Amino acid sequence: MKPTDRQLAKSNWNLRIFTIFMIMLLIAGGLLFIRTTPHGVGMVSDSVNYINGARSLAAGNGYYRASGADTLKPITNFPPLYSMLLSLPILFGADAIQSAWVFSLLFYLLNLLLIALLVRKATDNHWLGLGAAALFLASKPFLYFQVFAMTEPLFFFYAQRVSAVLLAAENDLLLIWLLCGISCGAAFLTRYIGAASLAAICAAILFYPPANIRRFRAFFGTLAGALPLMFAWLIRNQLVTGNISNRSSGFHPLGIADFKTGVMILLRWIYPERYQRVENPVLWMQAFVLGLGAIGLLFAIVAWLRNLKSAKETSLPVVLLWSFVIYIFAYLAIVYVTISFLDASVNIEERIAYLPCWRDLFAHSVLHCRTFSVKSEKLPRF
């Protein structure tokens with residue numbers, strides 16, 4: 001049914017209001033970021049490798065780092081996309097440290113914008129989209145891990161880009177699935193754990209009823225977009241060092257101490273004022289986290305079985321939530337395999353554990369806000 005002139009005018013007016021409020025939130029986010037970084041972008045040891053890699057790319061030497069005796073060694077343990085993007089302003093004469101600060105600011109604001117657009121699309125409500133962006137704007141950890149010259153802002157952006165493309169995937173266009181795969185490949189080229197995005201998308205494709213999408217086309221488009229980017233980086237590493245990731249295999253499994261560290265990271269994220277000074281979780285805290293995992297696994301299994309038996313279309317928020325649950329399990333599985341079998345030097349720390357926390361919160365917000373906005377007659381919709 002063709003919309004009337006009045007409906008079109010209202011839609012345009014609603015879009016203007018959303019745009020005005022979104023601009024205000026982005027300005028607030030920019031001011032907050034600037035106030036948080038009075039001395040420039042934060043730096044850690046890994047930041048030096050990324051910036052040196054960007055400088056090497058800008059100088060035309062490839063993705064290498066300076067070593068002893070004035071030699072260059074290829075960088076293989078840090079995926080290249082962040083350094084590749086950072087090399088562009090350096091190529092035109094910009095300062096590397098200042099460029100890293102601008103990149104962190106830019107992707108911090110883009111992440112806020114993308115969160116608002118995703119929630120607005122999934123819930124069909126502008127207010128909820130703005131509210132989600134405001135909540136993430138008020139999140140100290142969300143800001144903290146994006147003020148460093150690290151891959152977190154870029155990685156979170158591409159992880160959310162995968163979700164954004166998934167929301168448009170119900171159109172079942174080959175181009176959409178290609179873009180979805182490219183976003184997965186870009187997430188992998190930012191951090192190896194970006195492979196979890198590809199696992200989540202493949203799970204979402206299986207979750208969609210055959211009446212909604214053509215699965216062969218979806219799998220072909222997604223893999224055609226993702227695998228060339230992933231394999232190009234791995235093959236390059238094999239050619240220059242004889243090892244696809246500069247990791248030696250071994251068995252050093254995660255133990256109960258690592259699990260307890262993860263429990264405290266989650267609890268400090270949920271209630272930082274109460275648990276910030278707590279060092280070791282008691283039994284109920286460990287049971288709480290295991291219970292959350294069991295609920296997530298049960299949801300994934302039950303939703304999958306009900307989807308197989310039901311002839312009805314699966315709502316988009318449910319598909320999104322199911323793919324996010326799979327993403328969290330895939331993310332944690334990759335972390336476990338990496339540390340237990342490939343790289344014992346990696347520690348369970350907040351910057352690793354916070355991303356699944358954010359995505360879990362975002363997924364549940366989408367589902368509950370969607371349910372509330374449909375059932376409530378009091379919630380204003382514009």
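How many aromatic pairs does a search of the whole structure find? The search finds 17 aromatic pairs, a pair being two rings of Phe, Tyr or Trp (its six-membered ring) with centres within 6.5 Å. The model is predicted, with local features requiring pLDDT of at least 70 and side-chain atom pairs pLDDT 80 or more, while totals for chains, interfaces and linings use all residues. Residues are numbered from 1 along each chain as its sequence is written, and side-chain values use heavy atoms, leaving out hydrogens and water.

**Aromatic pairs**

- The ring centres of Phe 33 and Tyr 108 are 5.8 Å apart and the planes meet at 35 degrees, so this pair is tilted; planes under 30 degrees apart count as stacked, over 60 as edge-to-face and the rest as tilted.
- Phe 33 belongs to helix H1 (residues 5-36) and Tyr 108 to helix H4 (residues 96-123), so the pair ties together parts 75 residues apart in sequence; helices (H or I, at least four residues) and strands (E, at least two) are DSSP runs, numbered from the N terminus.
- Phe 33 and Tyr 108 are both buried, where buried denotes under 20% relative accessible area, exposed over 50% and partly exposed in between (1.4 Å probe, protein chains only).
- Tyr 50 and Tyr 82 form an edge-to-face pair, with 5.5 Å between centres and 80 degrees between planes.
- This second pair links Tyr 50 in helix H2 (residues 45-58) with Tyr 82 in helix H3 (residues 81-91), 32 residues apart.
- Tyr 50 counts as buried at 4% relative accessibility, as does Tyr 82 at 3%.
- Ring pairs join Phe 33, Trp 101, Tyr 108, Phe 136, Phe 142 and Phe 156 into a cluster.

**Charge over a ring**

- The charged end of Arg 191 sits over the ring of Phe 155, 4.9 Å from its centre; the criterion is NZ of Lys or CZ of Arg within 6 Å of the ring centre and within 35 degrees of the ring normal.

**Helix H10**

- The 27 residues of helix H10 (residues 215-241) should span 39 Å at 1.5 Å a residue, and the end C-alpha atoms are 38 Å apart, which agrees; the expected span is 1.5 Å times one less than the number of residues.
- H10 has a kink of about 25 degrees at Leu 227, shortly before the proline Pro 228; the bend is the angle between axes fitted to the seven residues ending there and the seven starting there.
- The buried residues of H10 include Trp 233 and Arg 236.
- After H10 comes Gly 242, with a positive phi near 80 degrees.
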